[in-house]
Amino acid sequence: MTKNHNFFLDLAFQVAEKKLGQTGLNPSVGSIVVKDNTVISSGVTSTGGRPHAEHNALYKIKNVEGATLYTTLEPCTHYGKTLPCTNIIIKKKIKNVYYAFEDPDLRTHKKAKKILNKKGIKSQLVKSKNYNNFYNSYIINKKLNIPFISAKLAFSKDYFTINNKDKWITNNSSRKITHLIRSQHDGLISTSKSINSDNALLNCRIAGLNNFKPDLFIIDLNLKLKKNLLLNKILNKRKTYLITFKKNNNKVKIYKKKGYKIIFIDSLKDKIDFITLFEKLYLMGYSRILVETGLSFLNTLIKNKLINDLYIFKSNNMLKKKGKNNATIKYFKNILLKQISINLNDDKLYKKEF
């Protein structure tokens, strides 16, 4: 193994990162084609999940014979809506294939290497050093048939999550990163209580991502969402769902006329209820969901071990009498967090992987 393997695989992961949250139930894969130690082509999984990254990389350039393919995930071997990527690799006469993860999908798992080796194509698993958790969400999807659930929270230096004098806890740099994190998810979950309080759009207002708006799921069990909100202005630009009780069937007409879609549930009291809801969202095609709610709802999810990733933005400012919490912050004071190396102009960003 040479150092170049990890170098080119890292490049492939950087390509794959661009499509996180935009490839449906298929994983975001990055592929790099290398010849004479030079990158001659690259590809990423298309929006919606097809064509796959290998297809996009290998058909972008006419002659790739004898080249080496670096791809973040084991090339698929099964027939679905498209031909297996191993077929394309063989057809294009690739000489070597290096991939960083074995596909957890049992239709492909550990099969690519055998197929390619039989055709004289050297195929090898090279585990990533810098992106070893990249496919955690895809693994959760395949193992549990539910979306990967991330959550985001911001608090002041003295651990308050609500600023009584201002809408914001953290600075503009942190808010831009929040928009970037949103863009890496195909769905957002919030509550009517949070949205009524913040009048938030919950979209991606950052250069290059303005047109990407993850679909929004609003927990509104008793239909208390205000009628005049900013998000009403973009209901025609993304799918926005209200999750409510079945008994509210007669109340939903007003919301439907505005453009909201309705998801009826029987209950949302315990872990089983939440898992049932998440299973429904997965069947609807959502693989990565970000939770942006108040402290009470987030505490419920953490208590029931339903969070996979947690992002915490911490301001360097003390709120003192201007700050408050609607629920206990005890868990977040004691949680072991890993700081992410990023310049947020005095704010800090931490992450916890469960």
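No disulfides turn up in this structure: the count is zero, a disulfide being a pair of cysteine sulfur atoms within 2.5 Å. The model is a predicted one, where local features need pLDDT of at least 70, side-chain atom pairs count only at pLDDT 80 or more, and totals for chains, interfaces and linings use all residues. Residues are numbered from 1 along each chain as its sequence is written, and side-chain values use heavy atoms, leaving out hydrogens and water.

Next come the strands. S4 (residues 96-101) and S5 (residues 122-125) run parallel, joined by four bridges; strands pair if DSSP finds at least two bridges between them. Tyr-99 has Leu-125 in S5 as its bridge partner. Between S4 and S5 the chain passes through helix H4 (residues 112-118), and this β-α-β crossover is right-handed, that is, clockwise from the first strand over the helix to the second with the strands pointing away from the viewer. Helices (H or I, at least four residues) and strands (E, at least two) are DSSP runs, numbered from the N terminus.

The largest cavity holds about 120 Å³, and among its 17 lining residues, Asn-26, Pro-27, Ser-28, Ser-137 and Arg-288 are the closest to its centre. A cavity is a set of points on a 1 Å grid over the protein atoms alone where a 1.4 Å probe fits but cannot get out, and lining residues have an atom within 4 Å of a point. Helix H5 (residues 136-144) gives the most to this lining, with three residues.

Definitions and conventions: On a 1 Å grid over the protein atoms alone, a cavity is a set of points where a 1.4 Å probe fits but cannot get out, and a pocket is an open set with protein on both sides within 12 Å along at least five of seven lines; lining residues have an atom within 4 Å of a point. Grid points are joined across faces, edges and corners, and a volume is the space filled by probe spheres set on the points.
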